[in-house]
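Biologist: Hi! Could you walk me through this one while I have it open on my screen?
Modeller: Happy to, let's look at it together.

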Amino acid sequence: MRLVELGKTGERIPALGMGTWKLGSDHGTAIESIKEGLKLDMRFVDTAEMYHTEDIVGQAIKGEEVFIATKVSPEHFRYEEVKASCNASLKRLGVKQIDLYQLHWPNRRVPISETMKAMEELVKEGKIRHIGVSNFSVEDINEANACLKKNEIASNQVQYSLTAREIEKELAKFCKKEKITVIAYSPLARGGLLERRHEATDVLKMVGERHGKSAAQVALNWVVSKDNTVAIPKAGNLEHVRENAKALDFMLERKDIKDLEDFFSDYVSRTFVEFGKEIAKGNSAFLGKLVSFRERMRQKPKS
Ligand SMILES: NC(=O)c1ccc[n+]([C@@H]2O[C@H](COP(=O)([O-])OP(=O)(O)OC[C@H]3O[C@@H](n4cnc5c(N)ncnc54)[C@H](OP(=O)(O)O)[C@@H]3O)[C@@H](O)[C@H]2O)c1
């Protein structure tokens, strides 16, 4: 498994981990799927107190060497609440230490200095190893970092996929400059990139055919081809876990990346949902682009 440095910590974590939001709600295979992923070297599991999956994760990682990330919910950002949430997460996970403890979303109703004081104390007490954030803007990160005395923010977990490219405008560049690892959530657009009815899937498949790879593998490989970025796809289906674990054993070529980014360029400024609405209204520019892309891909190279 490819490894990526976590922030400025000097520690390297798997470029592909496993998300666990809604894991277990749609499959009876939650524990097996995490175990299968660990066997296949995705030794990085992301959860959150909000997901109600920490206990499942705890059962699956028992006795395993794994990088474990969880999150405190914004409604628990008061000093005492952060401490209590962390203790409860440790118990549910069945571990003595959390590798990465993340603030799930910003909460402007609680001074960030109060929350960060508790986070630094948790590091000092050995209950957490690294501090991360999630869904933080550049401004939020700067404010949070300014409150830290002995630690620095190691990561920012944000939505990033071919159909959610807004972070490319500013946030990704900032994180790279500041050495804050981007943890890409919903890297498969919650499965939306892989739905048969979605035209974008055809584009991923066409690029995948050049390498003998699937649409999901292309989508994940593209996310992780970005500097300083790791991804945490969620898969309850064991076949999906196996497919995802093999997403990085090939290299997308410059041409593949260009084709993908040209096709999905509109998503830098629009969200998937906004775009879906436009397509539903018959956005001819998008459909035209798809037709010409398909034609180009089908053309035989000139000899
Ligand atoms: N920090 C935050 O605010 C935040 C927000 C959202 C998510 N997250 C984290 O990021 C993780 C991943 O994001 P996500 O769960 O929203 O979406 P995702 O990983 O983009 O997509 C998950 C969906 O894709 C399907 N899938 C996975 N691998 C597949 C494959 N190889 N082929 C076909 N379908 C496949 C899954 O189906 P099956 O389950 O049936 O396999 C599931 O329906 C979450 O679980 C969570 O840990 C964080």
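Biologist: Let's start with strand β9, residues 181-185. How many of the residues of β9 are buried?
Modeller: Keep in mind that this is a predicted model. In β9, 5 of the 5 residues are buried, so the strand is largely enclosed by the rest of the structure.

Biologist: Nice. Which residues sit on which side of β9?
Modeller: Thr 181, Ile 183 and Tyr 185 are on one side, with Val 182 and Ala 184 on the other. Those residues are all buried, leaving both faces of β9 covered.

Biologist: And what about strand β8, does it run parallel or antiparallel to β9?
Modeller: Parallel: β8, residues 155-159, is joined to β9 by 5 bridges. To find your way there, look at Ser 155, which stands opposite Thr 181 in β9.

Biologist: Which helix goes with β8 and β9 in a β-α-β unit, and what is its handedness?
Modeller: That would be helix α6, residues 171-178, and the unit is right-handed.

Biologist: How many bridges join β9 to strand β10?
Modeller: There are 3, and β9 and β10 (residues 229-231) run parallel.

Biologist: Switching to helices now. At what angle do α1 and α9 cross?
Modeller: Roughly 20°, and the axes of α1 (residues 30-39) and α9 (residues 238-245) come within 9 Å. With that angle under 35 degrees, α1 counts as roughly parallel to α9. The crossing in which α1 passes α9 is right-handed.

Biologist: Which residues meet there?
Modeller: From α1 you have Glu 32, Ser 33, Glu 36 and Gly 37, and from α9 Leu 238, Val 241, Arg 242 and Ala 245.

Biologist: Which residues of α1 are buried, and what do they pack against?
Modeller: The buried ones are Ala 30, Ser 33, Ile 34, Glu 36, Gly 37 and Leu 38. Besides α9, the buried residues of α1 pack against β3 (18-19), β4 (44-46) and α2 (54-61).

Biologist: Which residue just after α1 has a positive phi?
Modeller: Asp 41, with a phi of about 80°.

Biologist: Last one: where does Ser 113 lie?
Modeller: In helix α4, residues 112-124. Ser 113 has 13 other C-beta atoms within 10 Å, so it is partly exposed. Although Ser 113 and Ala 144 are 31 residues apart in sequence, they are 7.1 Å apart in space, C-alpha to C-alpha.

Biologist: Great, thanks for the tour!

Note on methods: Residues numbered from 1 in each chain as written. Predicted model: local features only at pLDDT ≥ 70, side-chain atom pairs only at ≥ 80, totals over all residues. Buried ≥ 20, exposed ≤ 12 C-beta atoms within 10 Å, placed from the backbone. Helix = DSSP H or I, 4+ residues; strand = E, 2+ residues; numbered from the N terminus. Pairing = 2+ DSSP bridges. Right-handed = clockwise from strand over helix to strand, strands pointing away. Axes fitted to C-alpha atoms, helices over the stretch in contact; angles between N-to-C directions. Parallel < 35°, antiparallel > 145°, perpendicular 65-115°, else oblique. Left-handed = near helix turned anticlockwise from the far one by under 90°. Contact = placed C-beta atoms within 7 Å.
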